[in-house]
Amino acid sequence: MALLLKKEKTEIDKLREALMTGVSYMIPVIVAGGMMLAFGSLFETLTGVDLKESNSLIAQLINDLKTFGLYGLTLLFPVIAAFVGFGLAGKPAIAPGLIAGMLARDMQMGFLGALLGGLMVGYLVRWMLANIKLPKEFRSLLPMVIIPLIGSAIILFVMKYIVGYPLIALNTGLENWLVGMSGGNKVLMAAVLGAMVGFDLGGPINKAAITVSLGLFAQGIFEPVTASHIAIMIAPFGIGLSTIFAKQYYSKELQENGRAALMMSCVGISEGAIPFILANPALIIINSIGSAISAAMVIMFDSIVHAPAAGILALILSSHFFLYLLSIATGVAFVAVCTTVLMKRQFNKQATDAESQQQVAKSA
């Protein structure tokens, strides 16, 4: 009788599993690409060697390493779209997902664009598999020809003409707004930039903040890039610490993701925190606030980094090492403590729900 009462997965459960599937495939790609790129950038910054112009064999090899790293980071978008689709609809969704992810990258829709593309692919392919009926001898054409062709075309047109332009317009509007703020209150602007960077972790809002920061950096204004790049570290490092000191509230998979997030934070990759946002979206608010705190503090302390660097490298290059470190520590502590409280509540609620289900099963 208990077996008959086994809880069926809801659509929300399936969606959550699909998102986690996409992230689990994405993280190794980000780690590999990010580490190679960070190592090359660190070498270039510390030695002062122009890798592209130098004839040295070592410089050429390091430049190749940076290029390989960019390849890895470029794959983020097709990989997340393909495997979110795969999590919802299986192998037939991989090809349309890869193509949708490439469109999201080329149109600069960011992580959220690729994620949305993967979701649309997954649900469309699932519908096609359930509703397109073919004679037995032609069934193999559905996953091999019809879905890749028709499914990809539908999703790509929807992404380009319905989803893409609003996201691009959002990016442009945010960039214009930030440029307008740059001459005013620098601490306020830093807090806004930090919150944007922490909000969607590599998505369009994050990218808008970093793009504006780099543009102002090219004009000799260093505060925005300092604020946005310190914010990159906060969410993955704070959440990573929470998985170590309060590991009882995390699944084994999230504990492993937490260690990866710590490493990614140190080299300036914020995407390490994405699996935790998918597990509990309320973390978006915590990450935004923690990132804003650190970004505002580092500008208030005037601990400026005169290079577009993030992670440990930015700490080393900051004008006031200990004040920069204090700014990081404050934001990280906020995220770690709040994340632990939030995940504890979620853990206790899940435990209570499971206990109630067991009691119902026993009584039945």
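Let's start with K186, which is partly exposed because its relative accessible area is 40%; buried means under 20%, exposed over 50% and partly exposed in between, with a 1.4 Å probe and protein chains only. This is a predicted model, in which local features need pLDDT of at least 70 and side-chain atom pairs count only at pLDDT 80 or more, while totals for chains, interfaces and linings use all residues. Residues are numbered from 1 along each chain as its sequence is written, and side-chain values use heavy atoms, with hydrogens and water left out.

**Overall build**

- The protein has 14 helices and zero strands; helices (H or I, at least four residues) and strands (E, at least two) are DSSP runs, numbered from the N terminus.
- Of its 364 residues, 46% count as buried.
- Residues 24 or more positions apart make up 73% of the contacts with a separation of 6 or more, where a contact means heavy atoms within 4.5 Å.

**Confidence**

- The mean pLDDT of the protein is 83, and 88% of its residues reach 70 or more; pLDDT is the predictor's confidence in each residue, from 0 to 100.
- Confidence is highest in helix α12 (residues 283-300), at a mean of 94, and lowest in helix α8 (residues 204-218), at 73.
- Over residues 1-6 the pLDDT is below 50, and this stretch has five contacts in the model beyond near neighbours in sequence.
- Where pLDDT is low, the predicted coordinates should not be read in detail.

**Salt bridges**

- The whole structure holds two salt bridges, each being a side-chain nitrogen of Lys or Arg within 4 Å of a carboxyl oxygen of Asp or Glu.
- K186 takes part in one of them with E223, and their closest N and O atoms are 3.4 Å apart.
- That pair links distant parts of the chain, 37 residues apart: E223 belongs to helix α9 (residues 223-245) and K186 to helix α7 (residues 186-200).
- E223 counts as buried because its relative accessibility is 16%.
- R105 and D106 form a salt bridge too, with 2.7 Å between the closest N and O atoms.
- D106 is exposed, at 52% relative accessibility, whereas R105 is partly exposed, at 27%.

**Helix α3**

- Helix α3 (residues 76-89) has 14 residues, which at 1.5 Å a residue should span 20 Å; its end C-alpha atoms are 20 Å apart, so the two values agree. The expected span is 1.5 Å times one less than the number of residues.
- Of those 14 residues, 12 are buried, so α3 is largely enclosed by the rest of the structure.
- Just after α3 comes G90, with a positive phi of about 85°.

**S265 and the cysteines**

- S265 sits in helix α10 (residues 252-266) and is buried, with a relative accessible area of 0%.
- Its side chain reaches the backbone oxygen of M233 at 2.9 Å.
- Leaving aside neighbours within four places in sequence, S265 is in contact with M233, P236, F237 and G311.
- C266 is partly exposed, at 27% relative accessibility, and C338 is partly exposed as well, at 25%.
- The count of disulfides is zero, a disulfide being a pair of cysteine sulfur atoms within 2.5 Å.

Notes
A polar contact is a pair of N or O atoms within 3.5 Å; within protein, one must be able to donate a hydrogen and the other to accept it, and residues adjacent in sequence count only if both atoms are side-chain atoms.
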